[in-house]
Amino acid sequence: MKQLRCLAAAWKKIEKNTVNIAILSAKREILLQFIFPHIINLNGEKMIIAQQLGHLFLHMGYQTNHNLWNHQKEGRFQEKNDPEQARQANSFAFALLMPEKEYRKMIDLNSEGLLVQTKNIAEYFGVSLAAAAQRGRELNILT
């Protein structure tokens, strides 16, 4: 599977129910807009959006695999309850929301000995405590 390397993502909340995302890849800029009837928790919505972007790029082939993309049925991505696809989408979301270099810098700034202030890291990236901790485990920084 072709891997999409994301160089940067800029998240911007507009009004109460709109989230705009600009994703800069090595070859192009992709602008996406998500409109929610009600946003209850922007951090949770960001993770859901990032996971769905993972499915869009990795499993539907948007801008990465034209053959796969052209064979998508109209409508939305049909999840197959595939644990590997879910894991890949989560990894994509973690990398998008918490880039490795910046995450490692935040670990350094929020660690004292073996104690890591994961809450500070979660707040910095605007994600849940569980997501921040999982990113650390995925990078083999936290256990």
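This is a predicted model: local features need pLDDT of at least 70, side-chain atom pairs count only at pLDDT 80 or more; totals for chains, interfaces and linings use all residues.
User: Switching to rings, how many aromatic pairs turn up in the whole structure?

Analyst: The search finds three. One of them joins Phe-57 and Phe-92 in a tilted arrangement, with 5.9 Å from centre to centre and 40° between the planes. This pair links distant parts of the chain, as Phe-57 sits in helix H1 (residues 42–59) and Phe-92 in helix H3 (residues 83–97), 35 residues apart.

User: Why does Phe-57 count as buried?

Analyst: Phe-57 counts as buried because its relative accessibility is 1%, and the cut-off for buried is under 20% relative accessible area. Phe-92 is buried too, with a relative accessible area of 10%.

User: OK, what about Tyr-103 and Phe-125, how is that pair arranged?

Analyst: Tyr-103 and Phe-125 form a stacked pair, 6.1 Å from centre to centre and with 15° between the planes. Here again the pair links distant parts of the chain, with Tyr-103 in helix H4 (residues 100–109) and Phe-125 in helix H5 (residues 118–125), 22 residues apart.

User: Are those two buried or exposed?

Analyst: Both Tyr-103 and Phe-125 are buried. Ring pairs also link Tyr-103 and Phe-125 with Tyr-124 into a cluster.

User: Stepping back, what pattern does the protein chain follow along the sequence?

Analyst: The chain has six helices and five strands, and along the sequence they follow the pattern β-β-β-α-α-α-α-β-β-α-α.

User: How much of the chain counts as buried, and what supplies the exposed area?

Analyst: Of its 143 residues, 38% count as buried. The protein chain exposes about 9600 Å², and carbon and sulfur atoms supply 51% of that area.

User: Last one: what percentage of contacts between residues at least 6 apart in sequence join residues at least 24 apart?

Analyst: For the protein chain, that percentage is 47%.

Definitions and conventions: Residues are numbered from 1 along each chain as its sequence is written. Side-chain values use heavy atoms; hydrogens and water are left out. Helices (H or I, at least four residues) and strands (E, at least two) are DSSP runs, numbered from the N terminus. Buried means under 20% relative accessible area, exposed over 50%, partly exposed in between (1.4 Å probe, protein chains only). Contact means heavy atoms within 4.5 Å. Accessible areas come from the Shrake-Rupley method with a 1.4 Å probe; for residues, only the protein chains shown count as cover. Rings of Phe, Tyr and Trp (its six-membered ring) pair if their centres lie within 6.5 Å; planes under 30 degrees apart count as stacked, over 60 as edge-to-face and the rest as tilted.
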